[in-house]
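Biologist: Please put the model up, and then I will ask about its packing.

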Amino acid sequence: RRLSTIGAYKYVNIQYKEIDTLATDSLGLLEANIYLSPLTKRAFRAELQVVTKSNNFTGPGLALTYSNRNVFGGGETYNITTKFGYEAQLGGGQNAGKTSLEIGVKNELIFPRVLFPIKIDNNFFEYSIPKTKTSISLDYLNRTKLYTLLSGTALFGYVWDANRYVTHEINPLSINYTELTNTTPEFEQILNDNPFLRRSFEQQFISGLTYGFTYNGMVDADRAHQKYLNFTLDVAGNTISLMDKEETPGAPKTFLGLEYAQYAKADVDIHYHFNFGRRRNKQTIAARLFAGYGLPYGNSDVVPFVKQYFAGGPYSVRAF
């Protein structure tokens, strides 16, 4: 079972053979043979979509992913994903001609073991081998007649399966940097009319900790009632606040010259499927509930723009 969690194998087949007890002069011995079918070391995936929305924004989206499942010879997985999206507003009267362009790249490296300064006994993880995940991503978003937004994200954390249904993920290091540039007079007027929105763009640096808990009952495909639960906690700014010294009373605190954010945010995502009908003609009634709350405090009076809840934006929330 543990071998299957490394990620370099597609199938793990364990066969048992009874040993001749007369030859060994013993009782009840079995010989276990483990047959592994390796996955393809390298993989390439392409995703293409065309989006059209009720606000007349239409355009294509393309994502390309390259994976190497044994990059250093120890079951490490390296993924690099590039994405491109373009939308143009067709029609819409005075708003016609607006466009949205998004370009991004993400590098992810996953180790099939715990990387930690202090040695951790793997027997603590009874069900599966934990993984150490690292990633760095860069994104560019341009909204014509509005603004350009640059953002970078770095993560370091761990993920492990507690059992068949439950997965834990904790990222003790989560850093995000955003920079708003090329704002137009039209967008500056929007910010002047909405100080709340302006403040959400001013906090450029986000550093904190995230934790995720997932219960996935969807793995039991034959069950009539299937449940899924995901809970995420995101807390930012506390460690930096302990190291920072306030230079000017009443002024926002900064780190490396950048104003940093302090907030706590919690989300819950619940899915429920009711399956009925015969296996060959199975039908499903699906329901979903998502709720979240963000609380700014300390150095922040609003949650940063990239951490706020939204519907729409450069790409709408489809099938939700």
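Biologist: Which residues do ring pairs link into a cluster?

Modeller: This is a predicted model, in which local features need pLDDT of at least 70, side-chain atom pairs count only at pLDDT 80 or more, and totals for chains, interfaces and linings use all residues. Residues are numbered from 1 along each chain as its sequence is written, and side-chain values use heavy atoms, with hydrogens and water left out. Rings of Phe, Tyr and Trp (its six-membered ring) pair if their centres lie within 6.5 Å; planes under 30 degrees apart are stacked, over 60 edge-to-face, and the rest tilted. The cluster linked by such pairs consists of Y147, F187, F201 and F305.

Biologist: How many aromatic pairs does the count come to?

Modeller: A ring pair is described by the distance of the centres and the angle of the planes. By the ring rule, the count comes to eight aromatic pairs.

Biologist: What kind of aromatic pair do F290 and Y309 form?

Modeller: F290 lies in strand β15 (residues 283-296) and Y309 in the segment after β15, so the pair ties together parts 19 residues apart in sequence. Strands (E, at least two residues) and helices (H or I, at least four) are DSSP runs, numbered from the N terminus. The centres of F290 and Y309 are 6.2 Å apart with 65° between the planes, and the pair is edge-to-face.

Biologist: Which residue lies over the face of Y309?

Modeller: A charge sits over a ring if NZ of Lys or CZ of Arg is within 6 Å of the ring centre and within 35 degrees of the ring normal. At 4.7 Å from the ring centre of Y309, the residue over the face is K265.

Biologist: Is S174 buried or exposed?

Modeller: S174 is placed in strand β9. Buried means under 20% relative accessible area, exposed over 50%, and partly exposed in between (1.4 Å probe, protein chains only). The relative accessibility of S174 is 11%, so S174 counts as buried.

Biologist: Which residues in helix α3 are buried?

Modeller: Helix α3 spans residues 195-202. Its buried residues pack against β8 (147-161), β9 (166-181), α2 (185-193) and β13 (258-259), where contact means heavy atoms within 4.5 Å. The buried residues of α3 are L197, R199, S200 and F201.

Biologist: At what angle do α2 and α3 pack?

Modeller: Axes are lines fitted to C-alpha atoms, for helices over the stretch in contact, with angles from 0 to 180 degrees between N-to-C directions. The axes of α2 and α3 are 5 Å apart, and the packing angle is about 110°.
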